[in-house]
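Subject: Structure for you to look at

Hello,

I am passing on a structure that you have not worked with before.

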Amino acid sequence: MSVTYIDAIRAAQETLLREDSRVFLYGQDIATFGGAFKATKGLAEMFPNRVFDSPISEDAMIGLAVGAAIEGMRPIIEMQFADFSSVAFNQIVNQAATHFYRTGMPIPITVRLPSGGTPGSGPFHSQSMEGIYAQYPGLVVLTPASVSDAYHMLIDAVALDDPVIFCEHKFLYRWLKAKSINGDHLPIGQARIIRPGKHATVVAYSAMVHEAVRAADRLQQDGWEIEVVDLRSVKPLDIDTVLASVARTGRLLAVGEAFPWGGVTAEVVSRVTEEGFHLLDAPPQRLNARDTPVPYHPKLWAAHRPTPESICQALRKLLAF
Amino acid sequence: MLRARILENKLSSLYKAGKIVGGVYLGRGQEAVSAALGSALIPGTDFFAPLIRDQAGRTAFGEPMLDCTRTYLGSVQGPMRGRDGNIHRGRPKSGMPVMISHLGSQVSVVAGMLFAKRLQGTLDGRVGATCIGDGASSTGAFHEGLNIAAVEKLPLVVIIANNQFAYSTPNHRQFACADLVEKARGYGIGGMTVDGTDLLACASVITEAIHRARAGQGPQMVVARLLRLSGHGEHDDGFYVPGDLRQGHYGRDCVEVAMLQLVENGIATVDEIFEWQEQFAEEVQRAVAQAQQEEPPDPYHEDWTALSTRFPLPHHPPATQSFFP
């Protein structure tokens with residue numbers, strides 16, 4: 001039996017609904033239909049009056065969740081696509097994210113963002129929003145890359161008292177399989193070295209972890225040992241694990257699927273440069289999507305985001321320095 | 001409403017004397033609407049999300065005057081501890097969420113508070129209310145919030161104080177319907193209008209709206225027509241308000257109208273009203289003096305964290321997980 005990434009997300013929500021009466025699910029087409037990606041399939045029948053179809057009102061969905069959290073609930077809000085959370089941006093960054101600092105009362109909401117590109121999805125169903133949300137104080141931003149993390153990090157996200165932006169990668173939903181959801185259950189905020197190496201460090205998160213591992217596999221044929229760090233959580237950012245890896249390898253490439261201006265990879269490179277400049281044997285590198293909207297056609301899309309080929313190319317340049 | 005007027009007159013003086021940083025935003029001219037709402041709500045049971053011009057409603061709902069003076073004067077002992085100021089204050093644990101500046105945003109928040117109570121099985125007999133202005137009625141958040149409350153059939157009362165100017169923008173640049181209450185029909189919710197300068201009319205109409213919501217008739221909208229009797233804030237003299245509006249029916253002062261109504265209806269005597277004025281002025285003086293004597297926040301002792309969770313979290317390696325459906 002194998003478990004997919006989306007199975008894990010659905011299972012986590014089932015566990016949460018079963019074990020915590022404060023949890024409810026609110027989102028578009030998530031009740032009878034089971035969600036655009038079936039992340040809530042069957043849950044409305046299993047848990048009557050706990051799983052609700054919402055109107056197409058991203059702003060009000062988050063506003064409602066914030067109000068419910070003030071009154072003691074633990075809402076999980078499904079954005080149909082991460083891209084649409086831009087409509088809820090105000091409620092997320094101004095209402096939910098500022099609340100604890102201003103009032104002393106945290107807002108325990110979890111916002112699930114089906115993120116990242118898939119072939120043919122185009123500019124408005126493909127975005128990676130983690131860097132934007134991480135920029136704002138008061139949010140925890142998670143980017144699970146494995147089946148086990150998808151399950152455990154969602155459970156842990158709901159247990160946190162703070163608002164969590166949970167970025168699930170749509171490409172991983174059905175492509176990524178594991179034998180079980182069991183794992184090491186690292187706490188939120190801790191990165192994981194998923195592949196040890198000594199010649200260069202690739203820091204990645206979400207679907208890019210898998211692209212980085214593919215690139216590392218190819219370079220291994222030439223004798224290069226590439227260490228891959230899965231950030232898991234982009235905020236808080238586990239810079240200690242990254243620095244420890246760079247201390248071993250002396251070389252850093254940060255890979256992300258988001259747009260190239262600023263963002264998570266820029267933060268990683270900047271923090272390593274600031275705190276670990278003496279560890280670097282080469283200028284730290286970044287690889288991101290291109291600075292255009294995410295294109296529709298699969299050929300354009302595949303060339304828009306980092307691929308094993310482009311990661312290999314960036315690593316060879318880094319290793320040759 | 002009299003207490004609020006006297007308090008706000010003092011805030012205006014403090015601002016003009018340079019004792020308040022940021023801004024001061026008065027509810028002058030809106031006290032009848034706001035007080036009628038605050039008085040009709042039940043503290044400890046109902047929810048109230050006040051907005052910028054709701055000092056009277058806050059007071060009627062039970063907000064301590066010190067919350068106001070401490071927040072305006074930056075005392076670390078206030079509910080916002082110097083982290084936010086002026087009208088951005090509240091007590092979310094006591095049913096009074098804290099406004100953000102983005103208009104219309106509180107509508108869905110109050111809806112969510114009520115939604116939580118429904119899930120917890122304790123919604124019966126409870127209502128939630130918020131006040132907004134004519135300008136906020138143009139926002140997407142207002143639309144989404146009212147629609148979601150209507151879809152969920154929540155006991156939400158939204159008061160639109162149509163004070164005819166959103167900052168400086170007049171109604172005809174804000175909306176194109178004849179009256180904002182027409183929007184209620186579009187949402188499938190109750191709608192009523194009232195003369196916002198008439199305290200007794202406000203008390204009657206707003207109490208009825210709350211009664212209908214409490215009785216399970218779903219969201220209710222009340223549009224109160226009035227005129228803002230100050231600028232947007234005390235930095236603004238409101239020069240753009242035409243003289244004929246100031247001289248017209250809605251330019252009358254609701255506090256003066258209310259005093260007359262109380263006397264004419266035998267609810268209070270002139271002497272009693274004078275006594276109240278003296279008593280409230282003393283209360284205001286005490287609340288200002290106390291807040292002024294208190295410490296401001298100390299940046300060297302501020303913890304500068306926006307999260308309640310303290311990272312890094314400890315690692316608890318799992319026992320073998322067996323659950324999988």
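Helices (H or I, at least four residues) and strands (E, at least two) are DSSP runs, numbered from the N terminus. Chain B has 11 helices and 7 strands.

This is a predicted model, in which local features need pLDDT of at least 70 and side-chain atom pairs count only at pLDDT 80 or more, while totals for chains, interfaces and linings use all residues. Residues are numbered from 1 along each chain as its sequence is written, and chains are lettered from A in the order in which they are written.

The C-alpha trace of chain B spans about 75 × 50 × 40 Å along its principal axes. Of the 325 residues in chain B, 49% are buried (20 or more other C-beta atoms within 10 Å of the residue's own, with C-beta atoms placed from the backbone).

In chain A, helix α6 covers residues 147-159. Its 13 residues should span 18 Å at 1.5 Å a residue, and its end C-alpha atoms are 19 Å apart, which agrees; the expected span is 1.5 Å times one less than the number of residues. Because 11 of the 13 residues of α6(A) are buried, the helix is largely enclosed by the rest of the structure. Among the buried ones are A:Tyr151, A:His152 and A:Asp156.

The contact between the chains (C-beta atoms, placed from the backbone, within 7 Å) takes 46 residues from chain A and 43 residues from chain B. On the side of chain A that touches chain B, α3(A) gives the largest share, 9 residues.

Regards

Terms used. Buried ≥ 20, exposed ≤ 12 C-beta atoms within 10 Å, placed from the backbone. Contact = placed C-beta atoms within 7 Å.
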